[in-house]
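Please look over the model below. The briefing covers its surface and charges, then its overall build, then some of its salt bridges.

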Amino acid sequence: MTTTRSSSTPAKLVLRCSRCGDRVAPPALACPRCPDALLRSDYRESRFRPLDRQDIFRFSEWLPPEVVIDTPVGPVVYDGERLARHLGLRHLAVAFSGYAPELGAHNPTGTFKDFEALPTLLHLREAGVDAIVLASAGSTGRAFAYAATLLAFRTYIVVPETALEAVWLPIPPSDAVRLVVLDGSGDYSSAIEAAGAISSAFSIVSEGGARNVARRDGMGTALLEYARTFGALPAHYVQAVGSGTGGIAAWEASARLIASGSFQGPLPHLHLVQNAPFAPIHDAWSAGAETLLPADSSDEARRIAEIRAPVLANRRPPYALAGGVREALRATGGRTYAATNEEIVAAQRLFEDLEGVSIGPEAGAALCGLEQGLGRGWIHRDDPILLHVTGNGDALLRRDFSLCRVDPWLRITSAEDVRGDRRLERRFAA
Ligand SMILES: *Cc1c(COP(=O)(O)O)cnc(C)c1O
């Protein structure tokens, strides 16, 4: 579906290189001159004008797709009064980006990955793309499988065998979803490698991860919803991160709100939380390093195996890219944290006791970061704070739906399997 536009109407969206400032036409993933820089959205509409809708397309003016569709996907922000009282805070808002109808949150796969998948597939469809490939450790795969089913958009999702159980949907998956399972000991990094091999061997567009502006602008809607609800920016934004893309997104959304003229700065301080003993962003930032610290990959694998929030295990977050995590932390006076499994369990319990809804380990980690930030005096008790509950597990989805597993479409053992295989080529073309 393409939209014709008279030459006098500027495009809804152009992309700008965060290093050289050059304009690039969407849906590009990189500036031709600066491969190590993220592109950033520059929308025709500079004013903050939420539409009168309940879902994510309330912020359609600042999302890449031209169309809006009715969807249960969207950000919810509420006053976390009980948690605030317990922690002695004056103003704590909770962005609840999971599935909890009792809070008005209906995200169909239970995490804020739903904010990324739908705008991405709509945007690519408008650009004339008809199939994509991506790698996932679980929650991304679910969100894209849901959006792919909804839009009948062919989507190859590569997951390590260990993540297969995490790929389910509250609706029967359509055959637009093609799940490629990496058998054996492969982890998320090997899935990324296999997705890259599939993309180049069969000319399938790569979704792009952190480089994809539709993903980042989708995630940024939690901050936009805070601004819409409270008419101001928070002083602090607290989120658990693996890639850190959500942190970059919150920074970009805040900058866009300030540039709109309707909101005052300063930019919210980012507080990004990881799960010890695997915390590469926290380790690099705490060491004052310009790039991620070198690590021995078998030791990394051992530490990844220990963490309670495996979704946060990204070995190569976009830390040093221009426009990436390090710059986001620097620009916002940000802080990073590492929470242990035990601390995360305690935080999950605390949230459930006070707020009445169970949350996932990632959101538990975010709450640990908030507690640590308060303890160190990096967050003041009177400051307005936005705590992002990025997901809440599948308990409530199981209560309300019978969840459908996605059956593997193909099993491979490594990226090597897809190179130069004629039979597979025909299968991918069909
Ligand atoms: C993906 C994910 C995260 C981490 O998000 P990034 O911003 O991409 O690092 C946190 N919580 C949940 C529930 C997730 O699914």
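The chain exposes about 17,200 Å², and carbon and sulfur atoms supply 48% of that area. The model is predicted. Of the 430 residues in the chain, 57% are buried.

**Charges**
- The chain carries 45 positive and 49 negative side chains, and the centres of the two sets are 4 Å apart.
- Side chains of opposite charge can pair when their charged atoms come close.
- A search of the whole structure finds 26 salt bridges.

**Overall build**
- The chain contains 14 helices and 18 strands.
- Its radius of gyration is 20 Å, close to the 22 Å from the globule rule for 430 residues, so the chain is as compact as a globular protein of that length.
- The C-alpha trace spans about 65 × 55 × 45 Å along its principal axes.
- Among contacts between residues at least 6 apart in sequence, 71% join residues at least 24 apart.

**Salt bridges**
- Asp-42 and Arg-16 meet in a salt bridge at 2.7 Å, N to O. Asp-42 is in strand S3 and Arg-16 in strand S1, 26 residues apart.
- Asp-187 and Arg-315 form a salt bridge at 2.6 Å, N to O. Both lie in loops, so the pair ties together parts that are 128 residues apart in sequence. Asp-187 is partly exposed at 23% relative accessible area, whereas Arg-315 is buried at 16%.
- Glu-252 forms a salt bridge with Arg-216, with the closest N and O atoms 2.8 Å apart. Glu-252 lies in helix H7 and Arg-216 in helix H5, and both residues are buried.
- A network of salt bridges links Asp-299, Arg-302, Arg-303 and Glu-306.

Definitions and conventions
Residues numbered from 1 in each chain as written. Predicted model: local features only at pLDDT ≥ 70, side-chain atom pairs only at ≥ 80, totals over all residues. Heavy atoms only, no water. Helix = DSSP H or I, 4+ residues; strand = E, 2+ residues; numbered from the N terminus. Rg over C-alpha atoms; globule rule 2.2 N^0.38 Å. Buried < 20%, exposed > 50% of the residue type's maximum accessible area, 1.4 Å probe, protein only. Contact = heavy atoms within 4.5 Å. Areas by Shrake-Rupley, 256 points an atom, 1.4 Å probe, with all protein chains shown as cover. Lys, Arg positive; Asp, Glu negative; His and termini not counted. Charge placed at Lys NZ, Arg CZ, Asp CG, Glu CD. Salt bridge = Lys/Arg side-chain N within 4 Å of Asp/Glu carboxyl O.
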